[in-house]
Amino acid sequence: MKNYIDQLLKCILFKDMDKNEVLKVLEKVPYQIVEYNRNEVIAIEGDSCNSLGIILKGKIEIQKVFPSGQVMTINIFEEGNVFGESLVFSKKHTYPATITAIEKAKIMFIEKESIVKLCMLNSKVLTNFVSVLSERILMLNKRITNLSQDSIRKKIANYLLEEYKNQGSTTLNIPLTRKRMAELLNIPRPSLSRELGAMKDEGIIQLDKNIIEIVDIQLLEAILFD
């Protein structure tokens, strides 16, 4: 476990805890570390979720696959992120989406009973676990807000403004391909590229591969009120 301590210290579940505290609590509960290759499925929608997952290495993608074959990217999580935290304690503890490793990954799985024990062993873990649940609710609200936008331009503007808040800069590093960004926003990829190009021509943004610079934030905000 000492090999993964740096990754675990990044995990919100162990926020404000030092190396020794983390190692001490994990020594007292069982866990499992599983390796996944790139594009390997971690869980399929409908599978039973009995454990919380902590990403020790790599990135995972959470996708909703519709009967038509259309795929919607719900989120992408990386090293230090957790998933399944709310599902393990729900009555219907099944994955609502498919989870895939988008690069070689290592996941630590901790079962429900062990999560309860961790919370009892250290009050910081309990506080952090509640914080994780709160963050997921906020994330869901943001997702709903974006999907409720009535135009492609508004969806893009809302996403860029959220990234501006998160990154604290008008120069945004977007860690997504255009394809994945389109899936996340639930819009066609050609429409995304076309709208980004139009926003560039209008002097709202500048584009350079994965870097999007907000040139005029007032114009970007105004899109949401059109």
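Predicted model: local features only at pLDDT ≥ 70, side-chain atom pairs only at ≥ 80, totals over all residues.
## The largest pocket

The largest pocket has a volume of about 1,700 Å³. Its lining is made up of 46 residues. Nearest the centre of this pocket lie Ile-74, Asn-75, Ile-76, Phe-77 and Met-139.

The elements that give two or more residues are β4 (59-65), β5 (71-78), β6 (82-83), α4 (123-147), α5 (152-167) and α6 (178-185). Which element gives the most to the lining? That element is α4, with 12 residues. By class, the lining of the largest pocket holds 25 nonpolar, 10 polar and 11 charged residues.

## How α5 packs against α7

Two packed helices are described by the angle between their axes and the distance between the axes. For α5 and helix α7 (residues 189-201), the angle is about 75° and the axes are 10 Å apart. Angles of 65 to 115 degrees count as roughly perpendicular, so α5 is roughly perpendicular to α7.

On the α5 side, the contact is formed by Ile-152, Arg-153, Ile-156 and Leu-160. On the α7 side, these meet Ser-191, Leu-192, Glu-195, Leu-196, Ala-198 and Met-199. The residues of this contact of α5 with α7 divide into seven nonpolar, one polar and two charged.

## How α5 packs against α6

The axes of α5 and α6 cross at roughly 105° and come within 11 Å. That angle makes α5 roughly perpendicular to α6.

Here Lys-155, Ile-156 and Tyr-159 of α5 meet Met-181, Leu-184 and Leu-185 of α6. The contact of α5 with α6 has five nonpolar residues, no polar residues and one charged residue. Ile-156 of α5 takes part in the contact with α6 and also in the contact with α7.

## How α6 packs against α7

What angle do α6 and α7 make where they pack? The angle is about 100°, with the axes 9 Å apart. These two helices are therefore roughly perpendicular to each other.

From α6, the residues in this contact are Arg-178, Lys-179, Met-181, Ala-182 and Leu-185. They meet Arg-189, Leu-192 and Leu-196 of α7. Five residues of the contact of α6 with α7 are nonpolar, none is polar and three are charged. Met-181 and Leu-185 of α6 meet residues of α7, and Met-181 and Leu-185 also meet residues of α5. Likewise, Leu-192 and Leu-196 of α7 meet α6, and Leu-192 and Leu-196 also meet α5.

## Burial of α6

Why is α6 described as largely enclosed by the rest of the structure? Six of its eight residues are buried, so the description follows from that count. A residue counts as buried under 20% relative accessible area. The buried residues in α6 are Arg-178, Met-181, Ala-182, Glu-183, Leu-184 and Leu-185.

## Residues with a positive phi

Most residues other than glycine have a negative phi. Asp-16 is not a glycine, yet it has a positive phi of about 65°. Asp-16 is placed in the loop between α1 (5-10) and α2 (19-26). Is Asp-16 buried or exposed? With a relative accessibility of 61%, Asp-16 counts as exposed, because the cut-off for exposed is over 50%.

Asn-39 is another residue other than glycine with a positive phi, in this case near 75°. Its place is the loop between β1 (32-36) and β2 (41-43). At 46% relative accessibility, Asn-39 counts as partly exposed.

Lys-19 is found in helix α2. The relative accessible area of Lys-19 is 43%, which means that Lys-19 is partly exposed. Which residues does Lys-19 touch, not counting residues up to four places away in sequence? Lys-19 touches Ile-5 and Leu-9. Lys-19 and Leu-9 are 10 residues apart along the chain, and their C-alpha atoms are separated by 7.2 Å.

Ser-114 lies in helix α3 (residues 112-121). With a relative accessible area of 8%, Ser-114 is buried. Leaving aside neighbours within four places in sequence, Ser-114 is in contact with Val-29 and Pro-30.

Key
Residues numbered from 1 in each chain as written. Heavy atoms only, no water. 1 Å grid on protein atoms, 1.4 Å probe; cavity = no way out; pocket = protein on both sides within 12 Å on 5 of 7 lines; lining within 4 Å. Points joined across faces, edges and corners; volume = space filled by probe spheres on them. Helix = DSSP H or I, 4+ residues; strand = E, 2+ residues; numbered from the N terminus. Nonpolar A, V, L, I, M, F, W, Y, C, P; charged D, E, K, R; others polar. Axes fitted to C-alpha atoms, helices over the stretch in contact; angles between N-to-C directions. Parallel < 35°, antiparallel > 145°, perpendicular 65-115°, else oblique. Contact = heavy atoms within 4.5 Å. Buried < 20%, exposed > 50% of the residue type's maximum accessible area, 1.4 Å probe, protein only.
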